[in-house]
Amino acid sequence: MSRTWLLLLGAAATVGFAAIVLVGIPQVMLVRIAAPPELAAYTDLEARGRAVYIANGCVYCHSQQLRDPAFTTDVELGWGGRATVPADYAYDRPHLLGTMRTGPDLINVGERLPSESWHLIHLYNPRALVPWSIMPSFPYLFEEREPGDVRPGDVVVPVQTPYAPAGRVVVATQDARALVAYLLSLRRTYPVPAADTGAARGMSRMP
Amino acid sequence: MSRQDATIPFRGDVEIRLRADASSRAPALVFFSTALVWLLFGSIEGTLASLKLHMPELLTSAGWLTFGRVRTAHLNAVNYGWASLASIGVALWIIPRLVHTELRWPRVATAGAVVWNVGLVIGIALILAGRNDGLEWLEMDRYLADPFLVVGGGMAGVTLLATLLARQAGHLYVTVWYTIAAFLWFPVIFVIGNWPTWTGVESAAVNWFYAHNALGLWFTPMGVGAAYYFIPKVLGRPVYSYQLSILGFWTLAFFYALNGMHHLIGGPIPTWMITTSVVASVLMVIPVLAVAVNHHMTMVGRFGALRYSPTLRFVVLGAIAYTAVSLQGSFTSLREVNRVTHFTHWTVAHAHVGVYAFVTMVLFGSMYYIVPRLVRREWPSARLIQWHFWLVLAGIALYIIPLTIAGGFQGLAMLDPAVPFQRSVEVTLWALVSRSVAGVLLTAGHAVFAYHFWLMVRRRGPTREVPPFHEPVPVVYERPEAHA
């Protein structure tokens with residue numbers, strides 16, 4: 001080849017074609033998918049928790065998607081009642097579908113583990129509840145205070161010895177409480193939305 | 001023909017090369033130096049992230065030390081710092097050489113390196129401080145950091161385009177196609193990926209459209225292009241087939257751009273999108289085999305040269321890794337394979353075969369060839385080159401092989417509803433430890449190389465008459481009379 005214009009135009013054409021197929025056309029199709037009535041938009045606290053989730057990179061070990069039972073055992077594993085569909089993510093910007101399961105999937109964690117104090121203890125030190133866990137501890141999302149220093153409205157985390165700091169109590173920060181509020185909001189327990197079934201029929205199934 | 005006449009074209013050829021080398025000296029050295037700083041930083045962050053996966057209580061006191069941020073700083077530092085900056089440095093040297101003229105506006109390219117680095121410092125500092133865009137491979141802040149990369153990369157790209165338009169060579173060698181196309185592709189995919197309006201599953205589709213193309217349309221053409229230059233160059237032998245190189249380039253351009261959705265197999269996006277990407281991923285076998293035949297057939301019968309040329313050693317290793325990682329990628333995109341390997345360390349290992357064993361090895365080899373021509377002296381130490389090579393080879397082997405195997409077992413454990421999730425964690429632990437050892441070896445190898453580079457540009461260390469591994473070895477002749 002010796003023509004610069006052929007190279008530049010050809011290269012632009014290939015990437016342009018791919019952008020139309022994988023970005024342009026889906027955008028036109030997916031923009032019409034409405035949020036299901038059972039799915040609430042994030043509250044301010046949950047949205048803040050979602051930001052904490054992003055800031056600390058939870059997505060690098062936890063997915064938020066269940067694949068079709070015809071294809072995998074995601075549902076049989078107890079992570080949720082059905083495969084997730086596009087409408088389940090109508091409020092998500094950015095998406096947090098994830099690509100790793102170093103830890104379990106979280107799209108229904110609010111249903112599976114509905115206790116706020118369980119999550120707070122687990123975030124403070126996962127091994128206090130799950131001895132074999134390799135998840136990091138997040139002590140910086142908590143304050144360690146003198147027992148006399150607890151104010152009304154503080155959420156004291158019931159951490160057991162030996163994981164509790166000696167002679168001090170663990171108090172959740174607003175970030176920790178927001179993160180747990182977000183985790184508890186993760187539940188896709190309603191049936192596949194009607195708006196999604198037609199389009200989704202071909203969407204989450206193997207051909 | 002007199003002796004004088006015979007040498008004229010030869011002398012002209014050398015002069016063109018000397019002028020081309022001199023023109024790209026300053027920008028290429030700035031890109032290489034800053035790339036190496038990011039390589040060292042990224043290696044330390046990567047090793048720390050690896051340690052944290054089997055020592056979860058290590059350094060948990062502050063947010064900037066948590067796994068999710070350290071891992072992300074690693075990814076951005078090695079991809080946008082090391083691999084991108086070093087690739088641009090290689091391109092700034094290689095294009096003037098191939099089009100037989102000086103680099104145009106070299107100061108613009110140098111300034112581009114500064115701009116790009118400013119964006120990286122801002123982006124990675126914000127990631128560590130807990131502010132990122134939440135999309136894998138696109139974590140750096142789309143308003144405060146990413147524009148610097150577009151402008152900085154654009155400044156380097158403009159100098160290359162101006163050089164190309166002022167070319168003295170009639171024919172454009174295959175390396176030119178790959179390199180120039182990469183400079184056109186990267187800003188397009190980077191802007192699409194960072195566009196702030198994508199929501200829901202469309203955000204996921206665009207995320208992986210970008211992230212796969214960052215490999216396929218940015219690092220891969222840079223790496224394949226460099227290998228296309230250095231293997232024939234060092235061997236002094238033409239590339240095996242010109243027709244194959246054309247086929248390889250255009251099929252790569254067409255198929256690779258469509259690959260991204262194989263990262264979402266089984267996920268909640270339209271099945272036809274995933275199927276499109278699976279088909280394109282399998283069709284990638286065509287460009288990969290075209291490039292493989294060209295690289296490896298050029299090499300066949302000349303493997304002895306690996307002993308004398310560190311450039312060839314690293315680049316050929318990288319070219320072999322390219323063939324391997326691409327075929328592995330096509331295989332992994334098959335649904336029956338992907339249902340096991342998706343969400344496991346198999347993918348992490350695969351990414352490192354691509355960006356490390358392929359791209360990084362090619363970049364090391366390229367720098368071993370280019371830097372002596374920029375600073376006009378030979379590498380001072382053969383021993384440091386040996387240490388660098390064997391440390392990174394051992395390191396990457398210890399990274400990839402255990403983690404690939406463990407990822408397979410992890411996936412099988414996760415597919416079996418009768419097996420508790422705990423098992424899928426435990427079967428990976430040995431490989432996670434091995435990966436940390438690998439991280440230490442790789443970091444040590446990078447420190448050796450960075451030190452050697454520093455000796456080069458600061459003109460320290462012994463001055464050599466001949467390149468390392470080319471020292472004349474005294475030969476003892478037996479006198480013929482002795483046999484008589």
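This is a predicted model: local features need pLDDT of at least 70, side-chain atom pairs count only at pLDDT 80 or more; totals for chains, interfaces and linings use all residues.
Residues are numbered from 1 along each chain as its sequence is written, chains are lettered from A and ligands numbered from 1 in the order in which they are written, and side-chain values use heavy atoms, with hydrogens and water left out.

**Interface**

I then looked up the contacts (heavy atoms within 4.5 Å), and found that 94 residues of chain B touch 74 residues of chain A in this sense. I found one salt bridge between the two chains, taking the term to mean a side-chain nitrogen of Lys or Arg within 4 Å of a carboxyl oxygen of Asp or Glu. It joins B:Glu57 to A:Arg127, whose closest N and O atoms are 2.7 Å apart. On the side of chain B that touches chain A, helix H6 (residues 200–235) gives the most, with 11 residues; helices are DSSP runs (H or I, at least four residues) and strands likewise (E, at least two), numbered from the N terminus.

**A helix pair**

I next looked up helix H1 (residues 4–30) of chain A and helix H8 (residues 271–283) of chain B, whose axes come within 11 Å and cross at roughly 170 degrees. The axes are lines fitted to C-alpha atoms over the stretch in contact, and angles run from 0 to 180 degrees between N-to-C directions. H1(A) is therefore roughly antiparallel to H8(B), a term for angles over 145 degrees. I noted that H1(A) makes the contact with A:Val21, A:Leu22, A:Ile25, A:Pro26 and A:Met29, and H8(B) with B:Trp272, B:Met273, B:Thr276 and B:Ser277.

**Backbone**

I kept in mind that most residues other than glycine have a negative phi, and most peptide bonds are trans. The peptide bond from A:Arg93 to A:Pro94 is cis, with omega near 0 degrees, and A:Pro94 is in the loop between helix H3 (75–79) and helix H4 (109–112) of chain A. I also found that B:Arg376, which is not a glycine, has a positive phi of about 55 degrees.

Conventions:
Angles under 35 degrees count as roughly parallel, over 145 as roughly antiparallel, 65 to 115 as roughly perpendicular and the rest as oblique.
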